[in-house]
Amino acid sequence: MRRAISHPSGFTLLETTLAVTLLAIALLVLTTTYGSASKVANDAHFHVRASAENRRSLTAVANVLRGADLNTIVGFDSMGQAKALTFSRVEGATLSARTHAPSEVLTWESGSVSVAGVPIGQVALLASGVKSTLAKHVPQNGFVVTRKDDTLVIQLTTSYPRAGPDPLEVRGRTAVTLRN
């Protein structure tokens, strides 16, 4: 009688080790890819939020300056630039002259935080003894208004700390043409 040939069932140690190694490599690649994609998505979300805040702040500053009487704005240097402005808004007019609201001051103020050694502050409006913050997270020299004829060009930089050595800086620019 013939003896039956037995076929071994299962996997050898070498096959099992190879399968586990390949599985571990695949998991490592997936984990690394997910981590990188997650970081890129978080950075993009952070940048979108920072850009939106910069735009809102720039709009707030522009809205304040829209009502200013061009003849009352002071604070520009010989290059036509200002980091602080004093102005009056037009309240009304008579046949002979315009009537103005009390003077207001728009300026950058230093805060208690610095990012990469640069002081971070805010752009504030002082009107009738009441201070209002128009823009937060503004680095020193991050707020400049330039006068070109009857147009004010507003430049605003906002800075946000993030992981790593450099902060995220968002720059915005808009113009306001004064028609009075």
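T151 is buried in this predicted model, and the reason for the label is that its relative accessible area of 18% is under the 20% limit. The residue belongs to strand 9. Beyond its neighbours within four places in sequence, T151 is in contact with T146, A175, V176 and T177. With T177 there is also a polar contact, in which the two side chains are joined at 3.4 Å.

R147, in strand 8, falls into another class of accessibility. Its relative accessibility is 32%, so R147 counts as partly exposed. Leaving out residues up to four places away in sequence, R147 touches L70, F76, G80 and L152. L70 is 77 residues from R147 along the chain, and the C-alpha atoms of these two residues are separated by 9.8 Å. The side chain of R147 also reaches the backbone oxygen of D149, at 3.1 Å.

What does L65 touch, once residues up to four places away in sequence are set aside? The list is L85, F87, L106, V145, L152, I154, V176 and L178.

Four strands make up an open sheet in the order 2-5-6-7, with antiparallel pairing. Strand 2 and strand 7 are the edge strands, each pairing on one side only. From one strand to the next, the twist averages 25°. In a regular strand, side chains alternate between the two faces of the sheet.

Two of the pairings can be followed residue by residue. Strand 2 and strand 5 run antiparallel and are joined by four bridges; T86 stands opposite V105 of strand 5. Strand 6 and strand 7, also antiparallel, are joined by seven bridges, and here I120 stands opposite P139 of strand 7. The hairpin of strand 6 and strand 7 has two residues between the strands, and S128 takes a positive phi near 55° in this hairpin.

Helix 1 lies across strand 2, strand 5, strand 6 and strand 7. Relative to strand 7, helix 1 runs at about 140°.

Helix 1 has a further link, this time to strand 9, through aromatic rings. The count of aromatic pairs comes to one. In this pair, the ring centres of F46 and Y160 are 6.2 Å apart and the planes stand at 80°, so the arrangement is edge-to-face. Because F46 lies in helix 1 and Y160 in strand 9, the pair ties together parts that are 114 residues apart in sequence. Are the two partners buried or partly exposed? F46 has a relative accessibility of 24% and so counts as partly exposed, whereas Y160 is buried, with a relative accessible area of 7%.

Technical notes. Residues numbered from 1 in each chain as written. Predicted model: local features only at pLDDT ≥ 70, side-chain atom pairs only at ≥ 80, totals over all residues. Heavy atoms only, no water. Contact = heavy atoms within 4.5 Å. Pairing = 2+ DSSP bridges. Axes fitted to C-alpha atoms, helices over the stretch in contact; angles between N-to-C directions. Buried < 20%, exposed > 50% of the residue type's maximum accessible area, 1.4 Å probe, protein only. Polar contact = N/O pair within 3.5 Å; in protein donor to acceptor, adjacent residues only side chain to side chain. Phe/Tyr/Trp six-rings, centres within 6.5 Å; stacked < 30°, edge-to-face > 60°.
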